[in-house]
Amino acid sequence: MAGENQFLLKIRNLHTYFFTDDGVAKAVDGVDLELEEGGTLGVVGESGCGKSVTALSIMRLVPDPPGRIVNGEIFYSGNNLLALSEPEMRKIRGRSISMIFQEPMTSLNPVFQIGDQISEVLRLHERLPKKEAWNRSVEMLKLVGIPAPERRISEYPHQLSGGMRQRAMIAMALACSPKLMIADEPTTALDVTIQAQILELINRLQKEKGMSVILITHNLGVIAETAQKVAVMYAGRIVEYSAVRPLFASPKHPYTQGLLKSIPRLDEDHSRKQKLEAIPGLVPSLLDLPQGCKFSNRCKHAFDRCTEEPLLVEAEAGHLVRCWLHERKFN
């Protein structure tokens with residue numbers, strides 16, 4: 001682990017719940033995360049596991065009602081974001097911390113030109129005159145690889161392809177040179193070729209600008225290509241946290257093992273694909289979670305102790321896992 005002063009972001013015991021007519025959905029239930037300056041943290045898990053809600057909690061954009069951050073601390077550059085007033089948070093959001101959302105067509109305003117939407121960020125946070133903000137917006141479109149940026153900047157979101165809309169979102173997120181960028185499923189709904197281009201773009205910009213990046217995805221292959229550290233989430237909790245290589249080489253949690261076995265791959269002689277193994281059962285409802293270990297009803301290793309909630313423990317140096325199989329007294 002890096003020294004305390006090297007962490008740009010530290011999340012401690014974060015709980016974000018949604019209060020509904022059917023009960024309380026514990027979308028994020030005691031999450032701890034750390035991100036080093038200039039590093040990339042991958043957050044992976046199935047849909048509904050709490051990845052996006054964790055990101056929205058960092059940005060303080062959880063819709064209230066029905067959602068609310070009920071407990072925890074989020075330290076960014078030593079300041080607890082949850083203790084800031086909304087005007088103070090607005091100064092940070094978009095300038096120091098930016099976010100690329102899953103679907104650019106719903107995130108970009110359809111009735112404003114792309115240039116107006118990027119310029120607005122620059123005029124709000126950097127107080128640039130209108131013309132200077134517009135010229136900087138052209139530069140941002142050029143930076144993210146949009147062809148003919150002088151023409152594209154005057155177009156509307158529906159006039160751009162899916163890949164170009166995502167690039168425009170990245171340009172907007174990078175406009176104020178943030179220290180932290182959160183990318184929430186940035187390649188969703190894009191074809192494989194465009195996905196690779198977007199990920200390559202994020203990697204290049206992260207290295208050029210020295211940003212820290214949180215990359216949220218359900219795709220472990222994406223994590224392997226881009227991140228240094230990875231957190232695996234299940235039912236609102238971190239079940240495994242490690243550097244990327246050790247996690248792929250020796251996954252500790254049965255859920256992580258199941259995710260890796262479900263990735264298509266060729267056998268050793270590359271002549272045919274190996275048979276995929278599905279994780280049995282279904283993801284539990286956040287309104288009706290199993291007692292104890294939240295994965296126990298799908299786990300082939302479950303035993304009587306799994307009715308108690310396991311802690312996140314160190315199975316190996318720097319490799320944390322939430323599983324009774326790795327509690328020291330059971331080794």
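Does C293 count as buried or exposed, and at what relative accessibility? In this predicted model, C293 has a relative accessibility of 11%, so C293 counts as buried, because the cut-off for that label is under 20%. Keep this cysteine in mind, as it will come up again.

Let's stay with the cysteines for a moment. How many disulfides does a search of the whole structure find? The count is 0. C293 is in no disulfide, and the nearest cysteine sulfur, which belongs to C306, sits 5.7 Å away. What about C299?

If you search the whole structure for cavities of 30 Å³ or more, you find 4. The largest cavity has a volume of about 80 Å³. It is lined by 14 residues, and here our cysteines return: the closest to the centre of this cavity are C293, C299, C306, C323 and W324. What kinds of residues make up the lining of the largest cavity? They split into 11 nonpolar and 3 polar residues, with no charged ones.

Next comes the second largest cavity, with a volume of about 60 Å³. C293 turns up in its lining as well, along with Y234, R237, V239, H253, K294, F295, E309, P310 and R322. This lining has 5 nonpolar residues, 1 polar residue and 4 charged residues. So much for the cavities; let's move on to an open space.

The largest pocket holds about 550 Å³ of space. There are 18 residues lining this pocket, and the closest to its centre are R93, G94, F101, V121 and M172. Which parts of the chain supply the lining of the largest pocket? At least two residues each come from β6 (97–100), α4 (114–126) and α7 (162–174). Helix α4 gives the most, with 5 residues. Sorted by class, the pocket lining has 10 nonpolar, 5 polar and 3 charged residues.

Then look for α4, the element that gives the most to the lining of the largest pocket.

How values were computed. Residues are numbered from 1 along each chain as its sequence is written. This is a predicted model: local features need pLDDT of at least 70, side-chain atom pairs count only at pLDDT 80 or more; totals for chains, interfaces and linings use all residues. Side-chain values use heavy atoms; hydrogens and water are left out. On a 1 Å grid over the protein atoms alone, a cavity is a set of points where a 1.4 Å probe fits but cannot get out, and a pocket is an open set with protein on both sides within 12 Å along at least five of seven lines; lining residues have an atom within 4 Å of a point. Grid points are joined across faces, edges and corners, and a volume is the space filled by probe spheres set on the points. Helices (H or I, at least four residues) and strands (E, at least two) are DSSP runs, numbered from the N terminus. Ala, Val, Leu, Ile, Met, Phe, Trp, Tyr, Cys and Pro count as nonpolar, Asp, Glu, Lys and Arg as charged, and the others, Gly among them, as polar. A disulfide is a pair of cysteine sulfur atoms within 2.5 Å. Buried means under 20% relative accessible area, exposed over 50%, partly exposed in between (1.4 Å probe, protein chains only).
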